[in-house]
Amino acid sequence: MNRREFLKLTGMGAMTVFLSGCGLSALTGQEKNASGVAVHEKGEISGGKAMKIVVITSSPHPHDESTSIYLADRFTKGATQAGHEVFTFGAANSETHPCRGCDQCHMDGPCIWKDDIENALMPKMLEADLLVLTTPLYYFGMSAQLKTIIDRFYSRTGRLHGKKSILMATAYNRDDWTMSALVDHYDTLVRYMEWQDAGKVLGIGCGSRSLVEHSQFGDMAEQMGANL
Ligand SMILES: Cc1cc2nc3c(=O)[nH]c(=O)nc-3n(C[C@H](O)[C@H](O)[C@H](O)COP(=O)(O)O)c2cc1C
């Protein structure tokens, strides 16, 4: 795909205007049970093989205070115990730069930025089977730290096609629409990147570490990792 086709598909050529408690919500692109909990048969995602997994966290909160990193840690615990290899990238504490749109990569080459995304994260993402995108909900979307990473997919868009992915997020609000915009964006990204959605853990009503630790979302995240 060339740059013109990318711009057309992503709608960047159009003028677009954005006006823009503990609950329970976890979804997959496949089946949900009565509680909305992600349901996968064990081994359904991995086919019974050890997977290479990249977990991207994006909260600026300290590790032991962050609610979304708590979910990432619980997922990692389940996945590693199940024999998968996990590489974790903390976007908020790494040297990252936003895409400059210079197109020197031509969507298929090295990025002009020689930062932690290019040197540490991108090689791991390119060889990964599964990417786990983790974010606190910021104004009903993903954090800027995570969006910075995603925009940098541009330099290897085609090479990142075909992977599996998971979304994990935490939010203060508990309304059933809290994660709607984030999920729409993620689902669109999955479609464009030709990924397979392997599940979502959407921690509504989790605005503090204590709330998320006393919620069911940690168990869901760990089970999701264990059941890959
Ligand atoms: C800049 C900012 C924007 C936020 N926007 C929302 C929001 O739109 N909806 C919501 O429910 N919570 C919002 N929150 C609350 C966080 O999503 C919530 O506290 C989350 O648990 C933080 O996760 P973390 O500890 O992993 O960073 C916002 C917090 C910040 C700092």
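User: How many salt bridges does a search of the whole structure find?

Analyst: The model is predicted, so local features need pLDDT of at least 70 and side-chain atom pairs count only at pLDDT 80 or more, while totals for chains, interfaces and linings use all residues. Residues are numbered from 1 along each chain as its sequence is written, and side-chain values use heavy atoms, with hydrogens and water left out. A salt bridge is a side-chain nitrogen of Lys or Arg within 4 Å of a carboxyl oxygen of Asp or Glu. By this criterion, the number found in a search of the whole structure is ten.

User: Which residue forms a salt bridge with Asp219?

Analyst: The closest N and O atoms of this pair are 2.6 Å apart, and the partner of Asp219 is Arg74. The two residues link distant parts of the chain, 145 residues apart, with Asp219 in helix 7 (residues 217-226) and Arg74 in helix 2 (residues 67-81). Helices (H or I, at least four residues) and strands (E, at least two) are DSSP runs, numbered from the N terminus. The partner asked for is Arg74.

User: Is Arg74 buried or exposed?

Analyst: Buried means under 20% relative accessible area, exposed means over 50%, and partly exposed lies in between (1.4 Å probe, protein chains only). Asp219, with a relative accessible area of 48%, is partly exposed. Arg74 has 17% relative accessibility and therefore counts as buried.

User: Which residue forms a salt bridge with Lys77?

Analyst: In this pair the closest N and O atoms are 3.9 Å apart, and the residue that meets Lys77 is Glu222. Lys77 in helix 2 and Glu222 in helix 7 are 145 residues apart, and they link distant parts of the chain. Lys77 is partly exposed at 41% relative accessibility, whereas Glu222 is buried at 17%. The partner of Lys77 is Glu222.

User: In which helix do both Arg209 and Glu213 lie?

Analyst: The side chains of Arg209 and Glu213 meet in a salt bridge of 2.7 Å, N to O. Arg209 is buried at 18% relative accessibility, while Glu213 is partly exposed at 38%. The two residues are four residues apart, about one turn of the helix, and both lie in helix 6 (residues 209-213).

User: How many of the residues of helix 7 are buried?

Analyst: Helix 7 is mostly covered. Its buried residues include Phe217, Met220 and Glu222. What covers the buried residues, through contact (heavy atoms within 4.5 Å), includes helix 2, strand 4 (164-170) and strand 5 (196-203). Of the ten residues of helix 7, the number buried is seven.

User: How many disulfides does a search of the whole structure find?

Analyst: A disulfide is a pair of cysteine sulfur atoms within 2.5 Å. The number found in the whole structure is zero. Cys102 is in no disulfide, and the nearest cysteine sulfur, that of Cys105, is 6.3 Å away.
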